[in-house]
Amino acid sequence: MRIPCPYCGERSIDEFVELGAADPARPAPDAGHEAFIDYVYLRDNPAGRHREVFHHAGGCRAILIVERDTRTHAVFRAIPAAEVRR
Amino acid sequence: MSPCSSARHVGSGNVGRNTTIIRSNYLLPANTAFYEWSLKLWEGLEQEIHYNAMVSQRGVLNLFHSDAQRDAYARRGNAMRIDGVDAELLDREAVRRMVPYLDYDNARFPIRGGLLQRRGGTVRHDAVAWGYARAADRLGVDIVQDCEVTGINTAQGRVVGVETTRGPIAANRVGLAVAGHSSRLAAMAGLRLPIESHVLQAFVTEGIKPLIDTVVTFGAGHFYISQSDKGGLVFGGDIDGYNSYAQRGGLATVEHVFEEGMVLMPMLGRLRVLRSWGGVMDMSMDGSPIIDRTPIEGLFLNAGWCYGGFKATPASGWCFAYAIARNEPHPLNAAFRLDRFATGHIIDEKGQGPMPTLH
C-alpha cells in the first residue's frame, strides 16, 4: 500500500504509523460515560470505504486522514488532519 | 438439531492457514487459567475426537535480550508456576544447547536466555478442523457448508433466528464465532464491537531436513518460527497495522519480518520462501478475546482473538458451549466479557494500551 502524502508525494506504507479510525469524534466533556466508552473502544470496522489517521513518522511527520478501501487496499486520498478538523 | 452455518467449506478460514502454535505462557490470571485449560484439552484432544491432530509438545522458547526483559520473563514464569503451569527460565548457555544455530552475539540484540514452556508446541491445524468437524457431526451437529449468514432476526430484544444464503434458520440461541468478520456479523444485530479487522501475514520456506525441533520466538521484535512436519520453516510476525479485509498483506511487513528472522537466525538467508499469506484477524482493543452474552437475549459472541485464536480452539469452544447451554459464562471465561471496556476490567496482557495496533 502506498499513501499519497500531500507534502511528500506518494510514499510506501512503511514510512507511516497508523493511529486508528478517523471517524470517532471526541464527545463533549459532559456527554457521559457511555459516549466516551463508545468513542474510545467501539468501532464501525467497515469492509469497504474507511477513514483512518496516519502519521507520516518516517517523512514530514504530518498527521493525515487517509480514505481508502479495506477490501482492496486502494487509497483514494490523503489530506492533512488539520484541514479536516476545522 | 444444532445447525452450524459456515460461509465456505470447513477449514477454509484462518484455521487452515496459521502458524499452529499452542502454549499457555501468559502473565495475567484470567489468561493463564483459560489458556492452560486449553493446553490440557489439547493434550487429550486426539483421544477425545479420535483423530490424529499431530499434537506435538516440542516446547515454546521465548528469548530475552536484556536484563529488563529477563526480569519480565522471570515474573511471567513465576506467575505461570504459581498457577500450576510449567515454565523454566533458561540462561544463555542452556538456550545455546537447545538451539545452537541462533546468532547469540548479535551486536544489537544478543541472546541472554529464554523462558521455556516445554508443554507448548504445535498442532496440525487442518487436522484440528477436520477432526472437530467429524466429531461434531457424530454428536449430531449439522454443519451446513457454503451457507453464509446474511441477517440476524430479533424480536422484542431476543434473537429468533438467522437468514442465510440458503434460507432462514429459526433458533432461540445463536452463537457468533467468525474470527476476522465479527464486526460485520454483529452489525447485522445492530451491535458495534470493540474490534478492528487487521491483516496478519505468515510465511513458509522450502522444505529442508529437520532443523528446528521446538518453537522459538524473538524477544526484540515480534517473530516466531518453527518447522512443520513437511520440513518447511513456518514463521510470522506482527500485523501489518491498518484495518484490512483484503486477506493480503503488504511488502513493508514482509521485509520487516524477514529482517527480524535474519537478526535471530542468519542461516535463514540461504532459504527460499515458498509461500506467504495474509489472514483477517479480529483485533480487540485490549488484545484479549471476548466470550460472552450480548445485550440481545439469546445471542452469544465468541470474538476478538487477535492472532492468538488457534491455541485457544479447544477451550474457546468448550467455554462457548457452556455459556450457550447455561446462558451464563463459565468461570474460565468469565473475565472475557464484552462490557469489560465500559467497566474498566480490561485484560491487557502486555500493558500496551487501548488500540489494536499496539497488541
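Me: How many Å does helix H2 (residues 67-82) of chain B reach from its first C-alpha to its last?
Reply: This is a predicted model: local features need pLDDT of at least 70, side-chain atom pairs count only at pLDDT 80 or more, and totals for chains, interfaces and linings use all residues. Helices (H or I, at least four residues) and strands (E, at least two) are DSSP runs numbered from the N terminus. The expected span of a helix is 1.5 Å times one less than its number of residues. H2(B) has 16 residues and an expected span of 22 Å, and its reach is close to that, at 22 Å.

Me: Which residues of H2(B) are buried?
Reply: Residues are numbered from 1 along each chain as its sequence is written, while chains are lettered from A and ligands numbered from 1 in the order in which they are written. Buried means 20 or more other C-beta atoms within 10 Å of a residue's own, exposed means 12 or fewer, and partly exposed lies in between, with C-beta atoms placed from the backbone. In H2(B), the buried residues are B:Tyr73, B:Arg76, B:Gly77 and B:Met80.

Me: Why do the buried residues of H2(B) line one face, and what arc do they fall within?
Reply: The arc is taken over directions from the helix axis to the C-beta atoms. Down the axis of H2(B), the buried residues line one face because they fall within 100 degrees.

Me: Which exposed residues sit on the face of H2(B) turned away from its buried side?
Reply: The buried side is covered by elements including helix H1 (29-49), strand E3 (60-64), E4 and strand E5 (113-117) of chain B. The face turned away carries B:Asp67, B:Ala68, B:Asp71, B:Arg75 and B:Ile82.

Me: Which residue in E15(B) stands opposite B:Ala202?
Reply: E12(B) and E15(B) run antiparallel, joined by six bridges. Opposite B:Ala202 stands B:Gly236.

Me: Is B:Thr20 buried or exposed?
Reply: B:Thr20 lies in the loop between strand E1 (2-5) and strand E2 (21-22) of chain B. Beyond four places in sequence, it touches B:Thr122, B:Val123, B:Arg124, B:His125 and B:Phe310, a contact being C-beta atoms, placed from the backbone, within 7 Å. Because it has 23 C-beta neighbours inside 10 Å, B:Thr20 counts as buried.

Me: How many residues does chain A bring to the contact with chain B?
Reply: Chain B gives 22 residues. The number from chain A is 20.

Me: In what order do the elements of chain A run?
Reply: Chain A has two helices and six strands. Of its 86 residues, 22% count as buried. From the N terminus on, the order is β-β-β-α-β-β-β-α.

Conventions:
Two residues are in contact if their C-beta atoms, placed from the backbone, lie within 7 Å. Two strands pair if DSSP finds at least two bridges between them.
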